Amino acid sequence: MEQSRGLTLIFIGKKKSSSRCKNESFLMDSNKFIVIHTGSRTLRIGRATDTLPVTVPHVIARRHKQSGQPCYEDAWLLREGLNKPESNEQRQNGLKMVDQAIWSKKMSNGVRRTPVSADQQTRNFSLINFYPPISAIAQALYVNPTDCYNIHWPVVRGQLNVHAGPGGSLTAVLADLETIWSHVIQKHLEIPLKDLKYYRCILLVPDIYNRQHIKEVVNMLLLNIGFSAIIVHQESVCATFGSGLSSACVVDVGDQKTSICCVEDGVSHRNSRLCLAYGGSDVTRTFFWLLQRAGFPYRDCQLSNRLDCQLLQHLKETFCHLDQDISGLQDHEFQTRFPEAPALLYQVRLGDEKLQAPMGLFYPTTFGIVGQKMSSLQFRSQGDSEDPHDEHYLLATQSKQDQSSKSAADRKAISRPSGCLEGEMSSQGGTGDLSDLPRSCGSGGGGGGMQGETELGAAHGESLMGAGEVEEPVSAHLSRKTAIMSQFESKALGLDKAVLHSIDCCASDETKRKMYSSILVVGGGLMFHGVQEFLLHRIINKMPPSFRRLVDNVEVVTRPKDMDPRLISWKGGAVLACLDTTQEMWIHQREWHRFGVRMLRERAAFVW
């Protein structure tokens, strides 16, 4: 436990190890690149030349300045929408669908799996041993809940954890990030902060990002922490770099969110981006619910207790799987170790719970989340005062130019003699302009390209124009589109359906064929035995029949080059740092200080 200035940083990490390159000058340059991949529960950071990044829990514990203050702790497994009247009924309905899916799929021997009821297991849980009391656990992640600390997770579901509670302001969250990252850089990478002016940073951001948050984080890295330059790139694209694939449908299942995006030749298809508000922690919570139904022996386990959450996370990672050939009851053991308490060893007999919990990712109603936004798509920027010449400015300028040219054409046509009107209009395309005028006015004064962009945006909940620029008929149209999008976002798509939806949003059949032949699964939320075969089976059974004939081979890749799927995106960031083609993407500290967020629009490798 590291204590400094009344705060405690929480991390468990690995020491770095550097790889050697034949070209010493190249090694020297690459050794000055720091790759940062932030997750909701884990931070991965290291030099681009490191074989493995430093991996630490992305959390901070701040000691109270005055005694007697109430403790505050950001939730881990608990979330909004779990205690609604419909939650339990939704869980039960989801579990019925899971059981039906388990029964309908035959095992490899051609026999259907026999369900194991909870009644068969209840009497088989037992406490079998005691151990002497242990001292307080060394890792600060296990700080005693009764101590005077506030626990903050600065990132939640891929976004900055801004909320109304203590430490939830944007300023406080950024301060937490700066403290954690600075500490890891100094203690684990052994780089003094004063030397960061000689280092550059590669920051990996979610595919569906909050522009204001990214802007503030870049500002903190360049001006506060002191990196000399930065590259900002998307996780999905870096995942393809790290796996060595030129094109892939990237399925990133994290602890709290699942993001899906189709990447082709280093470009993320904007319309294919989809973020689902569930992940590995929801599987952990569902596993606990299933254990309780079967008579879990550790009766004092609480989702509000951070130490119990750690235990449940470990049980899920140890016992859960997606291999339907593993059936029947099996006996397992686990220990509980808490500060100032005896360590206890339990024995537990588990059956279908180990398979039912991870299948919740394909039947998310099992999570019992009611009244929450479960699916997100990439929205248009709302604008930034520091970036006046953004897409809104360009679209408005284009719209005004189109209106002016059409008005001039109308006046010119009216001023001509009636005998010449028809011929002149035919030769100059006037008839087409006049016939397009009502449609153009109805769509906000934009040309054909503008309307196409509006339709594309509306299909993804993206409105390109302000309310003052849109006539009433189109306002009603956009309202209807928004209502449709709201209905879509309230639904929890299963993982397999979300993959099919993302691929279907690709523009051409050729691109769709590429995506079906390379579905890349990364992140730590889907690291279950049998996941590759399970996901492949569901994709093949649900993909459109027309593509079954066109796609030669549907392939799901879970461990490219036998790499840990949790590290693939970070490794891709390290590859990105060493490419000669990235030299034009660097945003230098002096440029950011002068131009600010406009540099992201100019230098980012994706459409900002």
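At what angle do helix H14 and helix H15 pack, and how far apart are their axes?

1. **Helix pair.** This is a predicted model. In it, helix H14 covers residues 495-504 and helix H15 covers residues 509-516. The two pack at an angle of about 150°, and their axes lie 9 Å apart. Angles over 145 degrees count as roughly antiparallel, so H14 and H15 are roughly antiparallel to each other.

2. **Residues at the contact.** H14 contributes Leu500, Ile503 and Asp504. H15 meets them with Lys512, Met515 and Tyr516. By class, the residues of this contact are four nonpolar and two charged, with no polar ones.

3. **Main core.** The largest nonpolar core has 79 residues. Those with the most contacts inside it are Cys249, Val251, Leu322, Met359 and Leu526. Not counting residues up to four places away in sequence, Leu526 touches Val253, Leu322, Leu361, Leu495, Val521 and Val531. One of these partners, Leu322, is also listed among the core residues with the most contacts.

4. **Second core.** A separate core of 42 residues is also present. Its members include Ile34, Leu177, Ile180 and Ala604.

5. **Confidence overall.** The protein chain averages a pLDDT of 81. Of its residues, 76% score at least 70.

6. Over residues 1-28, pLDDT stays under 50. The model has 76 contacts beyond four places in sequence for that stretch. Residues 416-474 also stay under 50 in pLDDT. For residues 416-474, the model has 65 contacts beyond four places in sequence.

Methods
Residues numbered from 1 in each chain as written. Predicted model: local features only at pLDDT ≥ 70, side-chain atom pairs only at ≥ 80, totals over all residues. Heavy atoms only, no water. pLDDT = per-residue confidence, 0-100. Contact = heavy atoms within 4.5 Å. Axes fitted to C-alpha atoms, helices over the stretch in contact; angles between N-to-C directions. Helix = DSSP H or I, 4+ residues; strand = E, 2+ residues; numbered from the N terminus. Parallel < 35°, antiparallel > 145°, perpendicular 65-115°, else oblique. Nonpolar A, V, L, I, M, F, W, Y, C, P; charged D, E, K, R; others polar. Core = buried A, V, L, I, M, F, W, Y, C linked by side-chain atoms within 4.5 Å. Buried < 20%, exposed > 50% of the residue type's maximum accessible area, 1.4 Å probe, protein only.
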